[in-house]
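I opened the model to look up its helix packing, its cores and a few single residues. The entries follow in the order in which I made them.

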Amino acid sequence: MRVRTAYAVAAVTSLALLSGCGAADMTKQASPFANAQGAKTVTLSVQSWVGAQANVAVAQYLLEHKLGYRVDTVQVDEVPAWDALSQGRVDAILEDWGHPDQEKRYVDDKKTITRAGGLGVTGHIGWYVPTYLVKQHPDITDWKNLNKYSSLFRTAESGSKGQLMDGSPSYVTNDKALVTNLKLNYQVVFAGSEAAQITQMKQFAKEKKPFLTYWYAPQWLFKKVPMTEVELPAYKEGCDADAAKVACAYPHTPLQKYLNTDFAKRGGKAAAFLKKFKWTTEDQNEVSLMIADQKLSPADAAKKWVDSHPSTWKAWLS
């Protein structure tokens, strides 16, 4: 899924960027410190969405300030990140939204990637409309009624159809298939990145205009722009197995962490720490909000969270 997957940052200081070119393959910018034998260095893959950046910011801060490691970061799109992790160009992915093909290839078959446990956060992709629109049209939250309202969502990019706004083409999305298979009079339009999508949604909300968007939780923006999910046909196990025939909602996915297998074996305290790294949706949103809305640097946001949540992170170091 993903969302998000799937959001260039090529160095520690670059983490302050909130988004990158969604479709770019940044794997060639892998850190020279990745998988360095005997060195107290760690290279983390960071996706372009701010929630993933929040994970990395806190992990990086603790690795550097509590464990004495040098941390480098590389922004890689979701699927190429698996290749980079397998090859040792990065040591860890801290937030994966579900890539069963890559998991089978690299974890089960090649065994070059090792599962590192859950992040503690459950992710969910869906279609959302602003809550102020629901107050005007309460039945708009049922997908069966979307065609009735398609004219509300027309834009220059969608032409005579309603616009379904997506973020980066690199994110996990079934939206084109859903529109086709549910026979909806909508056009999927990509904003290009999470940051661009957020900018559009905030502008629509400021003007109280209708919008229908692919979006996901956890996400700090819900605190600023209240949104209500549109009910798609219920998700059932396997209903999304054939990408071309998908006609169901997205699942709720416990987000997972993965380590390069050599790093998992030889990464010492850093590998042990990353396996134990586990926090809540509220924790992640707290840091994300500081980065994206309050404009703190990722390092400052991480420090602020670390200073106020010692009981949470100390367990990761034990």
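**Entry 1: after H2.** Which residue just after H2 takes a positive phi? I found Gly88 there, with a phi of about 80°. Helices here are DSSP runs of H or I with at least four residues, strands are runs of E with at least two, and both are numbered from the N terminus.

**Entry 2: ground rules.** I noted that this is a predicted model, in which local features need pLDDT of at least 70, side-chain atom pairs count only at pLDDT 80 or more, and totals for chains, interfaces and linings use all residues. Residues are numbered from 1 along each chain as its sequence is written, and side-chain values use heavy atoms, with hydrogens and water left out.

**Entry 3: the whole chain.** I listed 11 helices and 9 strands. Of the 318 residues, 53% count as buried; buried means under 20% relative accessible area, exposed means over 50%, and partly exposed is in between (1.4 Å probe, protein chains only). The accessible surface of the chain is about 13400 Å², and 52% of that belongs to carbon and sulfur atoms. These areas come from the Shrake-Rupley method with a 1.4 Å probe; for residues, only the protein chains shown count as cover.

**Entry 4: cover of H2.** I went back to H2, residues 78-86, and found 7 of its 9 residues buried. They are Glu78, Pro80, Ala81, Trp82, Ala84, Leu85 and Ser86. The cover over them includes strands S1 (41-46), S3 (92-96), S4 (113-130) and S9 (252-260), together with helix H3 (100-109).

**Entry 5: cores.** I take a nonpolar core as a set of buried Ala, Val, Leu, Ile, Met, Phe, Trp, Tyr and Cys residues joined through side-chain atoms within 4.5 Å. The largest core has 85 residues, and Leu44, Val58, Leu63, Trp127, Leu274 and Trp279 touch the most other members. H1 supplies the largest share of this core, 10 residues. Apart from it I found another core of 12 residues, among them Trp82, Val90, Ile93 and Ile113. I then looked up Leu63: leaving out residues up to four places away in sequence, Leu63 touches Val42, Leu44, Gly68, Tyr69, Val71, Ala270, Phe273 and Leu274. Contact means heavy atoms within 4.5 Å.

**Entry 6: H1 against H9.** Two packed helices are described by the angle between their axes and the distance between the axes. The axes of H1 (residues 50-65) and H9 (residues 281-292) come within 8 Å and cross at roughly 100°. Axes are lines fitted to C-alpha atoms, for helices over the stretch in contact, and angles run from 0 to 180 degrees between N-to-C directions. H1 and H9 are therefore roughly perpendicular (65 to 115 degrees; under 35 is roughly parallel, over 145 roughly antiparallel, the rest oblique). Val50, Gly51, Ala54, Asn55 and Val58 of H1 make the contact with Gln284, Val287, Ser288, Ile291 and Ala292 of H9. I sorted the residues of this contact into 6 nonpolar, 4 polar and no charged. Here Ala, Val, Leu, Ile, Met, Phe, Trp, Tyr, Cys and Pro count as nonpolar, Asp, Glu, Lys and Arg as charged, and the others, Gly among them, as polar.

**Entry 7: Ser288.** Neighbours within four places in sequence aside, Ser288 is in contact with Val50, Gly51, Ala54, Trp220 and Asp293.

**Entry 8: H10 and its partners.** H1 and H10 (residues 298-308) pack at about 75° with their axes 8 Å apart, which makes H1 roughly perpendicular to H10. Ala57, Val58, Tyr61 and Leu62 in H1 meet Pro298, Ala299, Ala302, Lys303, Trp305 and Val306 in H10. The residues of this contact are 9 nonpolar, no polar and 1 charged. H10 also packs with H11 (residues 310-317), at about 95° with axes 6 Å apart, and H10 is thus roughly perpendicular to H11.

**Entry 9: Leu182.** I placed Leu182 in the loop between helix H5 (175-181) and strand S6 (186-190). Leu182 is buried, with a relative accessible area of 10%. Leu182 touches Trp143, Leu232, Pro233 and Ala247, not counting residues up to four places away in sequence. Leu182 and Val246 are 64 residues apart in sequence and 9.1 Å apart in space, C-alpha to C-alpha.
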